[in-house]
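Visitor: Please take one part of this model and go through it closely. I would like to see how its surroundings are built before moving on to the rest.

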Amino acid sequence: MELIGLLDTVSELEHTVRELEEDQEVCYDHDEPSDDDFETDLESDSDAAVEDDDEMVDGMAPTPKRRKLARDNGLQKAKSTGRYPVFGGVVGPVNQLDPSVTPCLDFVKLLWPDSLCEYIAEQTNLYARQCGAKGWSATNSAELWVFLGIVLEMGIHRLPEITDYWSKDPLLGVQCVSNVMSLKRFQSLWRYLHCEDNTSITDARKVTSKLKTVLETLKANYFMRYNPSQELSVDEMMIKYKGRKSGKIHMPKKPVKLGFKVWCCSCSCCGYLCVFDVYSGKLTDSSGKKIAVKGLVKNVVHRLLTPFYGHQHVVYMDNFYTSGPLIEELAKQNVFTVGTILKNAAGFPASLKDVVLDKGDYTSMTVGDISYSMFNDRRVVSFATNVFPDHMPHTVMRMHKDGTLRSQSVPPCLPAYNMYMGGVDNTGRMRKTYGYDRKCRRYWFRIFFQFLDVSVNNAYILYRHNCVRVGSKAMPLKGFRLELIHSLLGVPRTRSSASGLASLNIVFPPSQGARVSANSVGVSRGRCQVCVREKIPSREQQHTAMACPHCRIRICKGHSVIGHTCAS
């Protein structure tokens, strides 16, 4: 009986999985974003495909399709309440390029230009001279691009040690890396890589002191190359670092609990990082005593949002930033706010602090132009906004604890908050997927490579928006990065048809004049194997470090000229 019950349960699970797969072919699940499912706000919300309420009957199973319908349904009803500002801005990349003819590297160079690599090369050469490096060969921007390409390759192809990429073991070594740069040269560049002249640094205690020019260039290019949607997300992003450096932050509730904090403002529709500010910790005087700064959070929000003043943007924030006075100050600049808020935050009504709510209930009140509401979902959450009213006349579909969707009254700002708050989270998710992540003693390396990955991801978003504009199918993030790495390392994108066929006993036509480095095909230096095969006397057999690219055997210059028959 137990076996029969188990089989029934397995069959039910298989049926449920088939239903989920069918639904995922038709819709996009916002709770589990993927690279292939990329949404933009280039079209208005009124054009979204939202079906009638009759198709979302109470008690239906929460399949991905019905979750999306519920989300769009609630968002459409919330925005129809009449207080949402009208946005007349242009959304999308400033540079309109044809992705079918524009290389991926050109999208990256919009944000990380050649001039920046030239500057880094100059500072690297200067630092090598200051250190008295023996045998140092001056680097240039072209070599720096190859160096960065190898770093990006390490984000996709992750190995235990850096030296493993140059290993002669075919299970470890990466030929595209060892062919373009030797291990010794890579280690030399890694040793002397520098972005600022140490003699010109005024405040070495700042986290950004060794990256000032790089970060200023990226900050300007990020903002200049993209027009974000009406909805913006303000949050923080952590850069992992466990070494010794002032300005390091401990945040136990974050996935990255120890490291440097970056204040971020991202586009909510796609996760494009528009503006950022690296936090260097509390200010200190000459004696090292920390100086208290009043209104730090408000100052941070104003610095992030100053470029968007006067454009009717709606900013989504969490309770670390939101307060009544801040909402009023932003409203004077035509920037509107939706966010969660703490009960002890400035401006929160005293009459709501002691309210006890049952599960699923909410209460609200308006103070001036700001609507405050409290909602008991999994726990009590408080909201503050000046773009949504106190109550919404319609109900929305919500997923309950028993796993079903039911109609329920919720705060009007809740559907929009769930939809648009994750902009900075998308920025971090994209960086973590294929980002470079290795321990390093130099703290600023962590920041440098973090923004290298963010620059590539921002370039990918520009590429995706251009694909939407011209109506072409875009490659996923991994494909974009691989295409970029192929361009930087000079490796052909298509694979050789002869690779992997040596074990199939296929005889190729005579090969003449074709030789490559033996290391590139996993063969060590030694006697010419054609000489050995033809039983040439040992004294006349040639030693060589070259090999045939087809059959992967060592071949001397003489047999390469006259040709040989490739065989397994």
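**A buried glutamine and the packing elsewhere**

Guide: In this predicted model, Q541 has a relative accessible area of 12%, and because that is under 20%, Q541 counts as buried. Q541 sits in the loop that links α15 (529-533) to β19 (543-544). Its side chain is in polar contact with the side chain of R527, at 3.2 Å. R527 is also among the residues that Q541 touches once residues up to four places away in sequence are set aside; the others are C531, V532 and I536.

Next, the nonpolar cores. The largest one holds 104 residues, and W112, F147, Y272, L305, F448 and F451 have the most contacts inside it. Helix α13 (residues 443-470) supplies the largest share of this core, 16 residues. Another core, of 21 residues, lies apart from it and includes Y316, F336, V338 and Y420. F147, one of the residues with the most contacts inside the largest core, touches M181, F186, L189, W190 and L193, again leaving out residues up to four places away in sequence.

Finally, a pair of helices. The axes of α4 (residues 114-130) and α8 (residues 212-224) come within 11 Å and cross at roughly 180 degrees. An angle over 145 degrees counts as roughly antiparallel, so α4 is roughly antiparallel to α8. On the α4 side the contact involves L116, Y119 and I120, which meet T213, V214, T217 and L218 of α8. Of the residues in this contact, five are nonpolar, two are polar and none is charged.

Methods. Residues are numbered from 1 along each chain as its sequence is written. This is a predicted model: local features need pLDDT of at least 70, side-chain atom pairs count only at pLDDT 80 or more; totals for chains, interfaces and linings use all residues. Side-chain values use heavy atoms; hydrogens and water are left out. A nonpolar core is a set of buried Ala, Val, Leu, Ile, Met, Phe, Trp, Tyr and Cys residues joined through side-chain atoms within 4.5 Å. Buried means under 20% relative accessible area, exposed over 50%, partly exposed in between (1.4 Å probe, protein chains only). Helices (H or I, at least four residues) and strands (E, at least two) are DSSP runs, numbered from the N terminus. Contact means heavy atoms within 4.5 Å. A polar contact is a pair of N or O atoms within 3.5 Å; within protein, one must be able to donate a hydrogen and the other to accept it, and residues adjacent in sequence count only if both atoms are side-chain atoms. Axes are lines fitted to C-alpha atoms, for helices over the stretch in contact, and angles run from 0 to 180 degrees between N-to-C directions. Angles under 35 degrees count as roughly parallel, over 145 as roughly antiparallel, 65 to 115 as roughly perpendicular and the rest as oblique. Ala, Val, Leu, Ile, Met, Phe, Trp, Tyr, Cys and Pro count as nonpolar, Asp, Glu, Lys and Arg as charged, and the others, Gly among them, as polar.
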